[in-house]
Each structure stands twice: as structure tokens, then as C-alpha cells.
Number of protein chains: 2
Amino acid sequence: MRDFSRDISPLALNTATLGHNLDGYGAGWPVERVIDACAERGLGGIVFWRREIGARAVEIGERVRAAGMEVVGLCRTPYLVGPGAPGTLDEARASVDMAAGLGTRVLTIVTGGTEPGTKGVEESQKILAGRVAKLAAYAAERDVALALEPLNPMFGGNRTCLMTVRDALSVCERAGAPNVGVAVDVYHVWWDTGLAESLREAGNRILGYHLCDWREDTRDMLLDRGMMGDGVADLKAIRRAVEAAGYAGPCEVEIFSSRDWWQRDPNEVLDVMVERFRTVC
Amino acid sequence: MRDFSRDISPLALNTATLGHNLDGYGAGWPVERVIDACAERGLGGIVFWRREIGARAVEIGERVRAAGMEVVGLCRTPYLVGPGAPGTLDEARASVDMAAGLGTRVLTIVTGGTEPGTKGVEESQKILAGRVAKLAAYAAERDVALALEPLNPMFGGNRTCLMTVRDALSVCERAGAPNVGVAVDVYHVWWDTGLAESLREAGNRILGYHLCDWREDTRDMLLDRGMMGDGVADLKAIRRAVEAAGYAGPCEVEIFSSRDWWQRDPNEVLDVMVERFRTVC
């Protein structure tokens with residue numbers, strides 16, 4: 001395993017940790033201030049949300065690289081299946097363009113839930129695979145890879161039809177495109193006793209590793225994630241499995257926390273994040 | 001598959017469907033009225049919660065049987081592991097005694113979460129297996145079986161260390177007692193693409209099958225379950241897998257619904273439940 005106590009260059013900030021994924025949350029720092037604060041602390045990269053980027057993808061990507069970091073990823077396409085999915089892939093293609101403009105290789109997909117008129121998840125996974133295959137062809141021309149992110153099963157119905165890394169892999173195989181892989185997020189997978197085996201199968205399909213913690217007493221389904229070390233996820237064991245599968249890329253910290261971390265000064269959040277990354281991840 | 005359109009004798013009411021599992025919810029019908037309402041509609045059985053029974057286990061069990069039904073199960077032992085577990089098995093043994101008094105063979109176990117001082121779920125599962133083995137010996141002498149109920153992974157941390165039927169089976173095997181099995185609840189397992197395979201392995205370890213539905217847009221982690229047919233769970237496919245594994249026992253309806261079904265007249269709830277059981281389960 002990599003030694004993060006001495007080297008935090010694999011650490012990336014997902015700006016959701018500062019509340020930047022939703023309107024009305026966080027301290028509202030401009031993108032430039034976020035970039036500077038990450039660079040000052042020695043982070044290796046940043047993951048943005050589309051709402052922060054607008055028409056400034058190229059400019060922001062260059063700014064990140066000028067500060068000595070990488071744009072590690074972009075969150076995320078619109079839903080591709082389920083009740084909230086748009087009828088076409090136009091917006092999904094635009095998000096691929098934005099990722100290409102930023103100069104990042106990884107565009108995350110939260111799939112959307114159970115396709116209207118169907119039950120369960122398997123039919124939706126089949127429909128999803130067809131749409132992912134189409135989007136992957138468009139993305140390949142722009143050197144962008146698509147990272148399917150399985151979500152905790154509590155997000156079934158309206159947000160996801162992929163509940164495990166194994167589910168995501170089966171859609172990867174069905175889509176059959178080399179630039180489709182999996183994003184592994186501690187919040188969503190910490191409970192899965194089959195995780196290590198699924199990760200071994202995933203191998204070089206692992207396109208991202210997301211850190212946070214699962215609080216013992218989760219008070220809100222969406223916005224109550226814990227800082228690493230404050231919960232019950234076995235962070236060392238999960239990273240060991242991720243790295244044993246061959247992953248040596250960035251580790252992005254993504255903490256949705258409306259009651260706690262989003263209430264704090266972003267400088268404090270970043271300092272604690274760096275300290276926890278060095279010591280408990 | 002059994003044909004429920006003509007025969008509802010496998011149908012059992014879990015009294016949580018009327019809000020009877022929590023203080024301050026539901027219409028507050030006395031146990032006798034619940035028994036009569038179920039018998040009038042032709043149900044085969046009832047599952048009670050400990051709080052309804054008190055010192056009247058034998059009396060209530062006899063009353064149910066006099067009405068032509070069975071006591072299908074009792075909810076539930078206290079947590080056996082995790083932050084909310086009592087330090088001894090005394091209360092768990094008392095719940096076995098209550099099940100025996102009621103004349104039911106099935107006592108459900110919701111395990112409790114991650115044992116303090118540990119991370120993840122696997123260490124807790126090992127500790128759990130030891131405690132289940134002890135309790136199983138006590139239960140066997142009273143002709144009671146213990147049904148380990150895996151919960152949706154959103155209940156990890158403080159409520160469960162078993163997230164899948166496969167997890168529950170691994171604890172069954174480790175506990176090594178013939179009177180330990182699994183309760184399969186649609187709410188907790190509907191999303192699991194490995195479910196059919198796990199159920200085949202479970203075979204005669206399946207001690208119960210619980211019905212409700214997973215609402216597309218779940219508004220509350222604990223108390224927003226759907227009536228069968230109102231959600232996205234593939235109820236027919238799940239029952240097919242449960243019955244293919246050899247299960248031919250009762251199907252209990254267990255709907256925690258503080259905003260909807262617990263607000264309605266229990267007669268309406270029971271009538272809709274019977275209709276949905278006949279048509280969509």
C-alpha cells in the first residue's frame with residue numbers, strides 16, 4: 001500500500017466536500033480560491049461539478065495545471081435511465097465536452113434509477129448498457145472515460161440501478177467499450193463483503209477511488225457523510241483491496257455534509273481532510 | 001408458484017403495518033381487534049412485536065389459534081452486537097421465552113450494527129455468530145428458530161451487520177446450529193442481483209418472507225415503505241426465487257409508513273393489503 005503519511009500527492013478534493021455540488025450550501029468560494037487553497041496544501045488534484053464550470057472549462061483546467069495539479073474528474077452526466085433521465089443523450093454529450101475542455105479523463109456517471117414501466121434493476125441495467133455504449137463512443141473521440149459509480153442500495157428507485165461494483169462491472173461488460181469503468185466510493189461500498197473479489201475482477205476498470213466515512217448513526221440519506229475516521233468504514237482494508245486490484249490513481253475526498261462540514265470554514269475542512277488522509281486512510 | 005389470487009391462507013399480517021411496532025403511531029387497536037379483523041378476512045396468521053405482548057403470550061397465542069390462524073413470528077430480539085446491544089443475552093432469552101409462550105416457531109433477529117472498537121462488518125459478523133450460537137441452544141430447547149434478517153445496507157452502522165442474504169447465510173454457517181435461518185424481506189433485498197443464487201444456497205434455511213414495496217422516491221430511511229404494487233420491487237420475481245429455493249411458508253406484510261398507511265383506518269389498510277396480495281405479489 002502507498003504511504004500517505006509522507007506523500008499526499010494522490011489526494012484530490014472533490015468540491016462537494018465544500019458544499020459546491022448544491023445551491024445554497026457551503027461558503028461559496030470562487031473556483032480560483034479553491035484551486036489556490038488545494039495547491040497551497042500540496043494536493044494532487046481537484047474534481048469539479050458541472051455547475052461550477054459553466055463555459056469556463058478550458059480556462060479552469062489550465063488554471064488547475066498552472067497551480068501544479070490535475071483535474072482528476074468531473075461530476076457528472078445527467079441520469080441515463082430511470083424517472084429523472086432526459087429523453088436524449090444531448091446533455092450527457094455536453095458533459096463529455098466539458099470534461100474534455102477541462103482536460104480530465106474521468107467523467108462520473110450516476111446512472112439514475114429504475115426505468116419507468118419496469119421493476120427491479122436488471123431491465124434498467126440492460127437499457128443503461130446500451131446508452132453507455134453510445135455515450136462511450138462519443139467520449140472515446142474526446143479521450144474521456146466514463147466511470148460508472150454504484151451507489152448504496154438506499155439510492156435505488158430514483159437515483160441508481162447499480163448497487164455494487166459487481167453490478168457496475170456487468171454493465172461495463174455489456175457495454176463492451178474500453179473507456180468505460182467503475183468509480184469506487186467508500187460511502188457506497190463499505191458494507192459489501194464481496195467487495196475485494198469484485199475489485200479483483202474490476203482490475204484496470206477502476207477509474208476512481210472516493211473517500212469519506214459512513215457515520216454510525218446516519219441522520220440523512222444524502223447529506224450526512226462523515227469525514228474519514230469519524231465512521232465505521234474500514235478505510236485501510238478497502239484501500240488495500242483497491243490497490244491490490246492494481247489501482248494507483250488519485251483518491252478524492254467527497255463529503256456531502258449539510259449539518260457539519262459544510263457549516264465550517266473551508267480552510268478548516270481542508271486542513272482536517274489532509275490530516276485524516278495522512279493518518280487514517 | 002402458489003396462486004394467491006384464489007388462496008390467501010399464506011398471508012400474514014405483521015402488526016407493524018398498522019403502526020404497532022412504535023409508540024405514538026397507528027390507530028391503537030387492541031390485540032383482540034387485530035386478531036378478529038385478520039380472521040374475518042381469511043388471513044392465515046399474524047406476526048406480533050414484543051411490545052404488544054407483555055405478559056400475555058400464552059393467552060394471545062391461544063386466541064390467534066382459536067380464530068383459526070397461526071402466530072407466524074415474533075419481532076424481535078434486542079440487538080446482539082453493535083452500539084445498541086445490551087451487555088448480556090438475558091433480554092434475548094426472554095424474547096425466546098415469549099416466542100415459545102405465543103406458540104410461534106420463528107423469532108426474528110435484527111442484529112445490530114458494527115461492534116464498538118471495530119470497523120466494517122466482518123468482525124461484527126464473527127462476534128454475532130458466537131452470540132447467535134449461544135442463543136440458538138437456548139431456543140432449541142423451547143422449539144424456537146432464530147431468523148437472521150439482513151437489512152438494506154443503509155442500516156449499517158447502528159442497526160445491522162448483515163446486508164445481504166449471503167451475509168446472513170455465512171453467519172448461519174458459522175453459528176452451526178440447525179435452528180438458525182434467514183428472514184427474507186423485500187424491502188431489504190429487492191436490489192440484490194445475486195439474490196436468486198443466495199436463496200438457492202439458503203434452501204430450507206429460509207424461515208420467513210416479508211412483503212412490502214420499495215417506493216421510487218423514499219422520503220425517510222425507516223418509516224416510508226410502500227404497499228405492494230406501489231413501488232419498484234419486482235415482487236413476482238422475488239417470490240419466484242424464494243419458492244424455487246423451497247420455501248412454501250407464510251408471507252407476512254410488514255409496512256412501516258408513518259406518512260401514509262399509518263394515517264389510514266386499519267380496515268382500509270387490511271382490505272388494500274388483501275387485494276394487493278391477491279393481485280401483485
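Predicted model: local features only at pLDDT ≥ 70, side-chain atom pairs only at ≥ 80, totals over all residues.
## Helices H4 and H5 of chain B

Helix H4 of chain B, which covers residues 90-102, packs against helix H5 of chain B, residues 122-140, at an angle of about 30 degrees, and their axes are 10 Å apart. That angle makes H4(B) roughly parallel to H5(B), and the crossing of the two helices is right-handed.

On the H4(B) side the contact involves B:Ala92, B:Arg93, B:Val96 and B:Asp97, which meet B:Leu135, B:Tyr138 and B:Ala139 of H5(B). Sorted by class, the residues of this contact comprise five nonpolar and two charged ones, with no polar residue among them.

## Helices H5 and H6 of chain B

H5(B) also packs against helix H6 of chain B, residues 165-175, here at an angle of about 50 degrees and with the axes 8 Å apart. The two helices are therefore oblique to each other, and H5(B) passes H6(B) in a right-handed crossing.

From H5(B), the residues B:Gln125, B:Lys126, B:Leu128, B:Ala129, B:Val132 and B:Ala133 take part, and they meet B:Asp167, B:Ser170, B:Val171, B:Arg174 and B:Ala175 of H6(B). Six of the residues in the contact of H5(B) with H6(B) are nonpolar, two are polar and three are charged.

## Helices H6 and H8 of chain B

H6(B) in turn packs with helix H8 of chain B, residues 195-202, where the axes come within 9 Å and cross at roughly 25 degrees. H6(B) and H8(B) are therefore roughly parallel to each other, and their crossing is left-handed.

The contact is formed by B:Val165, B:Arg166 and B:Leu169 of H6(B) together with B:Leu195, B:Glu197, B:Ser198, B:Leu199, B:Glu201 and B:Ala202 of H8(B). By class, the contact of H6(B) with H8(B) has five nonpolar residues, one polar residue and three charged residues.

## Cysteines without disulfides

A disulfide is a covalent bond that joins the sulfur atoms of two cysteines. With a cut-off that requires the two sulfur atoms to lie within 2.5 Å, the count over all chains comes to zero disulfides.

## Two buried residues of chain A

A:Ser257 lies in the loop between strand S8 (251-253) and helix H10 (266-280) of chain A, and at 1% relative accessibility A:Ser257 counts as buried. When its neighbours within four places in sequence are left aside, A:Ser257 is in contact with A:Leu223, A:Arg225 and A:Trp262.

A:Leu74 has its place in strand S3 of chain A, which covers residues 70-75, and A:Leu74 is buried, with a relative accessible area of 0%. Although A:Leu74 and A:Trp49 are 25 residues apart in sequence, they are 5.8 Å apart in space, taken from C-alpha to C-alpha.

Conventions
Residues numbered from 1 in each chain as written. Chains lettered and ligands numbered in written order. Heavy atoms only, no water. Axes fitted to C-alpha atoms, helices over the stretch in contact; angles between N-to-C directions. Helix = DSSP H or I, 4+ residues; strand = E, 2+ residues; numbered from the N terminus. Parallel < 35°, antiparallel > 145°, perpendicular 65-115°, else oblique. Left-handed = near helix turned anticlockwise from the far one by under 90°. Contact = heavy atoms within 4.5 Å. Nonpolar A, V, L, I, M, F, W, Y, C, P; charged D, E, K, R; others polar. Buried < 20%, exposed > 50% of the residue type's maximum accessible area, 1.4 Å probe, protein only.
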